[in-house]
Amino acid sequence: MKKSAWLPALIAPVVVAGAVAAPALASAANAPVAGTNPSAADVIASVAKSSDAQYSGKLAQSSDLGLPELPTGSGGSSLEGNASDVLGMLTSSHTARVYADGTTKQRVQVTEQLAEQDLVRNGSDVWTWDSKEREATHVVLPSGAQKSFEDGTTTPSDVAKQAIEAITPSTSVAKPTSTSVAGHDAWQLVLTPKSSDTLVGSVQLAVDKQTGLPLRATVRAKGQSEPAFQVGFTSLQYGAPASRLFDFTPPSNAKVTTKDLSDASGHHAGTGARHGHEGDAPTVTGTGWDTIAQLPAGTADQSGLGDDGTTLLNQLTKAVDGGRAIQTSLVSVYLTDDGRVLVGAVPVSSLVAAAK
């Protein structure tokens, strides 16, 4: 997993991609989209109504998932480096600059240690760029694709959409209270899963009072007061970003990979897990916060890891019935002996039961 996957895929049971904001900022300035004493439904409606956001901002992400420290002594193998990158993304704080001009123009820039990763969407063209690896990927989206291209990067909107979709009947929502994020007045919602099995204790969302744009999302693990995961704007300016920000040309010495999805049907234009088997798509069981995604046999083939890789895997995981697993404060991953991978915001015991 590369660092361009700013929010690791392990959090997938909690977040999905979505882009929401206000349609007319000028009029919204004098007419709060959710009123002066809104219900939770009013605030949720303000989030869901429009997708024409124009803004520039800076996001900060922090994670404290209770992961073990990366073991040493694996001889500096490439696997150790990859694991270090993944654990670094899960345990360290990160920042990103984000730009949006409606549903079809977005840019995300992550800069760390003199290296930069970018995702740029301009209409049907999507570019990803890794300056350290000197690698670019060009994806041509299907005609009419509206959904923001998913690259692993998340925003408060991402977390808001998944939490909102899970509200009925799996989630309780408290009455909105006032707060402020990045200098913008916001309504704060607290969503609490009704499930007794999920590891998620609550999701806290801050939504701009004027525009409906989610400004901050905080996820707490069950039984913990400090956030296990948080992403939010530290600065935010409304208005159309410079058009040049959505143009990208790879350097002449870059390795470029092209993926043309323009002929894909609308049914397959989006991304995400599907129920049942379809190629390498995961099988999904459970609902709401108890959802479990299962990848087929052979996904986690450990035969090619070598001694160093096997040692590292064994140190990062623990032996359980039928395989090995790791449980963080928010999500569990189970690697079965036959190579299946199960992931969910549930205890390891639930994954083991689902695998049988």
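Trainee: What are the ground rules here?
Mentor: This is a predicted model, where local features need pLDDT of at least 70, side-chain atom pairs count only at pLDDT 80 or more, and totals for chains, interfaces and linings use all residues. Residues are numbered from 1 along each chain as its sequence is written, and side-chain values use heavy atoms, leaving out hydrogens and water.

Trainee: Which residues of H2 are buried?
Mentor: In helix H2 (residues 40–48), they are Ala 40, Val 43, Ile 44, Ser 46 and Val 47. Buried means under 20% relative accessible area, exposed over 50%, and partly exposed in between (1.4 Å probe, protein chains only). Helices (H or I, at least four residues) and strands (E, at least two) are DSSP runs, numbered from the N terminus.

Trainee: Why are they on the same side of H2?
Mentor: Because they cover an arc of only 155° around the axis, taken from the directions from the helix axis to the C-beta atoms.

Trainee: And what does the face turned away carry?
Mentor: The exposed residues Ala 41 and Ala 48.

Trainee: New topic. How many bridges pair E1 and E2?
Mentor: Eight, in the antiparallel sense; pairing requires at least two DSSP bridges between the strands. Gln 54 has Asp 101 in E2 as its bridge partner.

Trainee: What about E2 and E3?
Mentor: They are antiparallel too, over four bridges. In their hairpin, with three residues between the strands, Gly 102 takes a positive phi near 80°.

Trainee: Where is Lys 105?
Mentor: In strand E3 (residues 105–112). Lys 105 is partly exposed, at 26% relative accessible area.
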